[in-house]
Every structure is written in C-alpha cells, then in structure tokens.
Amino acid sequence: INYINSGSFIHLQGKANTGKTTFARYVACLLQQPVIVIHSHIHNQETINLIWQAATQGHTIIFEECQRASKNDWQTLLSVLEEHLLNFPLIAPQGKYAHFTHPGFAVILTSNPYEDNAPKLPLQDLNNYAIKIPLQGFDLESEEAILKAKSDINHHSAKVLAHILRRLRANKNYKGMVSIKLGIMIGRALQAQDISAQNQPVLFQKFCENMLVLPNQPDAREIVKQTIQGVLTEFAPQEVVQPKVI
C-alpha cells in the first residue's frame, strides 16, 4: 500500500499457487476503488476502453499472468505504466484533454516467471515500471488456517489436509496440480458430509482419494493412497489415558 500511495505500481511474482491472485485482490480491496481485472491478454477494444477509463478516473487494474501478454498488449500498456503518461489525446470527464493518469490510478501485475513459455516481454524489464514483490507461497501454518477458515473444517482435519497437499506437491512422481483452492474444495466437501480426519479417517481418506487421483494415471492412486495413509497415521489423535480412581 505504501508503494502504491507513493505513485508506484506493484508486480507480484511467484510460482503457481503462491497466492498472487488472492494477494492482488486483497490489496485492490484495501484501495477501495473500482477494479478492472485482465487475464493474460487484452482481447478487444472494450478492454482497452476500460483501461483508459481506469487510468483517467483513478481505478485499479489487476493484470493477471502478465507474462503471457502479447507485444500488442504491452504496446498498449507500457505508455501508461511509464511515467503515468497517456500518449494519446483523451477527453476527460471535465471536457479537457487528459495526458496524465489520475493520481489514484493503480496497477497490480502478477506473473509466473517459471512457466515453460518464454514471456513476450522479459519480466526483468518490468522493473522499470513496477516494484517487484516475490511471493514464496504459504507457510504451513497459513495454509492450515486458510483451509480451516474457507471450508469450516476443524483444526485437526485442516492440519491433516494441509500436510497431504504439501507432500503431494513435493512428490515428483505426482503430476497433479495440488493448489490450495483444490484443498478448499476438498475441505468443503468433507464439511458438507460432516466427515473429519479424527472421527471418520476411512471416509476422510476415500473423499480425498476421489478428488486427488488423476484420471488415466493408475500410479497416481497408489501415490495418493500412501500419502494420505501416512499423514493420517502420523497425526492420529492420541488416546487419553484416564487415571485410575483408587
């Protein structure tokens, strides 16, 4: 927020599932002004008109996965990002020509520099236009808290589910995209059936398997099964031994 208030734009960089979109939208909400979201490309004149409107009226633009933008997209945007200048005559609401962007105009870029496809514009070039903020992903405690808050499952189930997701991500033989969004959907499905890792571990494992096994990859089922069983065993609730009454 301090960067934006100083007149700078921000660029959130990170791998998939590091929370770039969530972070960008949260910051945009804090700014309390209209938001325009662009996904990867500027497809039509209507989108360009919205960008111009945002630049002159003080709205926020979120440009997601900007590394996929074409050269034409960047030709449209760079003149706006550089020095807050509009290099075209545009009639402002007061009837005057506008050549500078509105003081409240904000841009939040997000990108994944680890994608296989080379970006049309080298991402380091964006350092001339926006302040780079690298995102490393959620730590374990945050992921557990997000799963619990977004799906309303209990703390123990959130802990087990978070560990399952993280271990599958770390398994090079598992080819699925184990995002926190998928974890939230699993948590909501468990909560709807009132299934917890503590009280119904067998049903818990079945639900998780059904949503994590990859189609047409028979080896994935065994990877998922072993991962879930290992986590359930590791975090099985300990029985409380009641003291004998003499």
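Visitor: Taking buried to mean under 20% relative accessible area, which residues of α3 are buried?

Guide: In this predicted model, the buried ones in α3 are Thr-47, Ile-48, Ile-51, Ala-54, Ala-55 and Thr-56.

Visitor: And how far apart are the end C-alpha atoms of that helix?

Guide: They are 18 Å apart, and that agrees with expectation, because the 13 residues of α3 (45-57) should span 18 Å at 1.5 Å a residue.

Visitor: Let's zoom out. How many helices and strands does the chain have?

Guide: The protein chain has 9 helices and 7 strands. Of its 246 residues, 43% count as buried. Looking at contacts with a separation of 6 or more, 70% are between residues 24 or more positions apart.

Visitor: Which residues touch the most other members in the largest nonpolar core?

Guide: Those are Tyr-174, Phe-204 and Leu-212, in a core of 30 residues. Helices α6 (155-170), α7 (180-192), α8 (201-212) and α9 (218-234) each supply at least two of the core's residues. The largest share comes from α6, with 7 residues.

Visitor: What is Leu-212 in contact with, sequence neighbours aside?

Guide: Beyond four places in sequence, Leu-212 contacts Ile-164, Leu-165, Leu-168, Tyr-174, Val-178, Leu-182, Ile-186 and Val-224. There is also another core, lying apart from the largest one, with 25 residues that include Ala-55, Cys-66, Leu-78 and Leu-121. Ala-55 takes us back to α3, where it is one of the buried residues.

Visitor: New topic: Glu-144. Buried or exposed?

Guide: Glu-144 counts as buried, because its relative accessibility is 9%, under the 20% cut-off. You'll find Glu-144 in helix α5 (residues 140-151).

Visitor: So what does Glu-144 touch?

Guide: Leaving out residues up to four places away in sequence, Glu-144 touches His-155, Ala-158, Lys-159, Ala-162 and His-163.

Visitor: Now the outside. Which residues form a nonpolar patch on the surface?

Guide: Ile-1, Phe-23, Tyr-26 and Leu-30 do, and together they have about 390 Å² of accessible area. Phe-23 sits in helix α2 (residues 20-31).

How values were computed:
Residues are numbered from 1 along each chain as its sequence is written. This is a predicted model: local features need pLDDT of at least 70, side-chain atom pairs count only at pLDDT 80 or more; totals for chains, interfaces and linings use all residues. Side-chain values use heavy atoms; hydrogens and water are left out. A nonpolar core is a set of buried Ala, Val, Leu, Ile, Met, Phe, Trp, Tyr and Cys residues joined through side-chain atoms within 4.5 Å. Buried means under 20% relative accessible area, exposed over 50%, partly exposed in between (1.4 Å probe, protein chains only). Helices (H or I, at least four residues) and strands (E, at least two) are DSSP runs, numbered from the N terminus. Contact means heavy atoms within 4.5 Å. Patches are made of residues with over 30% relative accessible area and no salt bridge: like charges are joined within 9 Å, nonpolar side chains (Val, Leu, Ile, Met, Phe, Trp, Tyr) within 5 Å. Accessible areas come from the Shrake-Rupley method with a 1.4 Å probe; for residues, only the protein chains shown count as cover. A salt bridge is a side-chain nitrogen of Lys or Arg within 4 Å of a carboxyl oxygen of Asp or Glu. The expected span of a helix is 1.5 Å times one less than its number of residues.
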